[in-house]
Amino acid sequence: MAKNPVNSTPVDGSSNDSDVMPVPESASVPGQELVLVLDFGGQTAQLIARRVREQNVFCQLVRPDLPVERIRQLAPRGLILSGGPASVYEPGAPHPDPAIFDLGIPILGICYGMQLVCQAQGNEVSPGTQREFGRTGCHVVEEGELFRGVPRELSVWMSHGDQVKNLDAQWTTLASTADCPAAAVRHHTRPIYGIQFHPEVTHTQWGGQLLGNFVKTICGCRGDWKMSQFIEQQVLQLRERVGTSRVICGLSGGVDSSVVAALLYRAIGSQLSCIFVDNGLLRNNEKEAVRKRFGEHFHIDLHVVDAEERFLSELAGVSEPQQKRKVIGRVFIEVFRREAESIPDARFLAQGTLYPDVIESGGSPDGPAATIKHHHNVGGLPAELGFELIEPLRDLFKDEVRVLGQELGLSDEMIWRHPFPGPGLGVRCLGEIRKDKLDVLRQADAIVLEELRKAGLYRKIQQAFAVLLPVQTVGVMGDMRTYQNVVAIRAVETEDFMTADWYPLPHEVLHAISTRITNSVRGVNRVVYDISSKPPSTIEWE
Ligand code: XMP
């Protein structure tokens, strides 16, 4: 895997010699139960960790070949071997340290992981007669501890070409499907289990129960982990890593960077400096809210950079969407860099990268063959800034970050904010960007959000906003003919922002929004509602 120079140190500062994902170091919380997922590059490996955390057992991904001495040091209660794209019999396929099987702790192999554990115990793995993808019926043959509380028939999610064949007498079959006689197995004398399907995905019924049975009944975890312990652990790790240096955090006003700032503040207090860039493309009152929250409430060393003029002058005459993004990104880096240089002793840069922001090609992050592309929330800060990167949220999913934010004392309003793109209103003010147009858009946008909150819909919708169209239409106001702009309203429901449905806003809400905008926002005489899904549209208009 290509090394990213800023990302070559794990978040916890551990000294493993490759760019692995964070591994809890000596700074882990004493007495905290831990389950490790050895990541063989499966698309859903991180989801396994998240499902285990849902059972209130702390769980983290580690590299697949983590040496057994290190695993012993970390003292996990159990190991889960994830799925992955390789075939266990191929040369160069990733394998765990073979000594893990002698640790005596429970091991669960999922999909590729199951094939690994069975192969390691001397069984044959080969291509199945039938590749199995998607939902399939599964019959529980023997309940054992793994299937306790699970009905005899359930629907499971398969995604494999290979399967384990002719298991020796050391193994018991726990469940099978039409095409896979050994869909779940257990070793007779050792605490080793294998599941060919994916219990971590929601399409598998009772998947949470299965993983819960593994970590609680089989591994014997109490299941008393809470997000507050994650904070405790991160605080210890961050203090150890940062030492007496200073950390810079780019605040965007969004939930992710706010949570990172609050977490760092808890860990290192006055050693944290936050930079908030006003690029002139912000929503109403955004700058003031950040100043209040972080400057006045947390007393963080907050640098608000007023760069509106600089951004708008560089954007003058630019109307092509990708070009706008490029200009905004470039100027952001320049402005940020200049401010960062004015902060003495800054060694680290903290970012609110979440697990879903780590966009993968060919596998999960730090899996053997993964090429990682980071989608930086802050707006794309490059390695050349010369800081070491701190990404304390990179193992977490959005809803976990919200729980974390709550524990850190951030307000509900902050925690449930809709995402706002890095280029801000720049991609919602279609065509050329000008301050007068942005002011119109800001007013319309504020009305949309206010009306949604008033109607109790803000949290039901994942993203909603106004778009100012570069189109003028004829209207009539009083006895006067008008020729003014059109505002479009966008509101979407989505799970992952990769696909989205337009939200059917009630007529009375649309009515209230439209009336308020046309009555009070000068320069707008028409409001339209965007009824396009993604695909084929995108959420943003540019
Ligand atoms: P699209 O428009 O691609 O948006 O359907 C999906 C999600 O990504 C956000 N978005 C961006 N975020 N920089 C960002 O930080 C960008 O350039 C950008 N473009 C889109 C968008 O708001 C939505 O949540």
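How far does a polar side-chain atom of arginine 325 lie from an oxygen atom of the ligand? The distance is 2.7 Å.

This is a predicted model, in which local features need pLDDT of at least 70, side-chain atom pairs count only at pLDDT 80 or more, and totals for chains, interfaces and linings use all residues. Residues are numbered from 1 along each chain as its sequence is written, and side-chain values use heavy atoms, with hydrogens and water left out.

**Ligand site**

Polar contacts here are pairs of N or O atoms within 3.5 Å.

| Residue | Part of residue | Distance to a ligand oxygen atom |
|---|---|---|
| Arginine 325 | polar side-chain atom | 2.7 Å |
| Glycine 422 | polar backbone atom | 3.0 Å |
| Glutamine 463 | N or O atom in the side chain | 2.8 Å |

Taken alone, the ligand exposes 490 Å². The protein buries 76% of that. These areas come from the Shrake-Rupley method with a 1.4 Å probe. Residues around the ligand (a heavy atom within 4 Å) include Pro421, Pro423, Phe497, Lys534 and Glu540.

**Helix 13**

Helix 13 covers residues 507–520. Helices are DSSP runs of H or I with at least four residues, and strands are E runs of at least two. At 1.5 Å a residue, its 14 residues should span 20 Å, and the end C-alpha atoms are 20 Å apart, which agrees. The expected span is 1.5 Å times one less than the number of residues.

Val509, Ile513, Ile517 and Thr518 are buried, meaning under 20% relative accessible area. Seen down the axis, the buried residues of helix 13 fall within an arc of 145°, so they line one face. The arc uses directions from the helix axis to the C-beta atoms. On the other side, His507, Glu508, His511 and Asn519 are exposed, that is, over 50%. Cover for the buried residues includes helix 12 (435–454) and strand 17 (463–477), with contact meaning heavy atoms within 4.5 Å.

Note on methods
Buried means under 20% relative accessible area, exposed over 50%, partly exposed in between (1.4 Å probe, protein chains only). A polar contact is a pair of N or O atoms within 3.5 Å; within protein, one must be able to donate a hydrogen and the other to accept it, and residues adjacent in sequence count only if both atoms are side-chain atoms.
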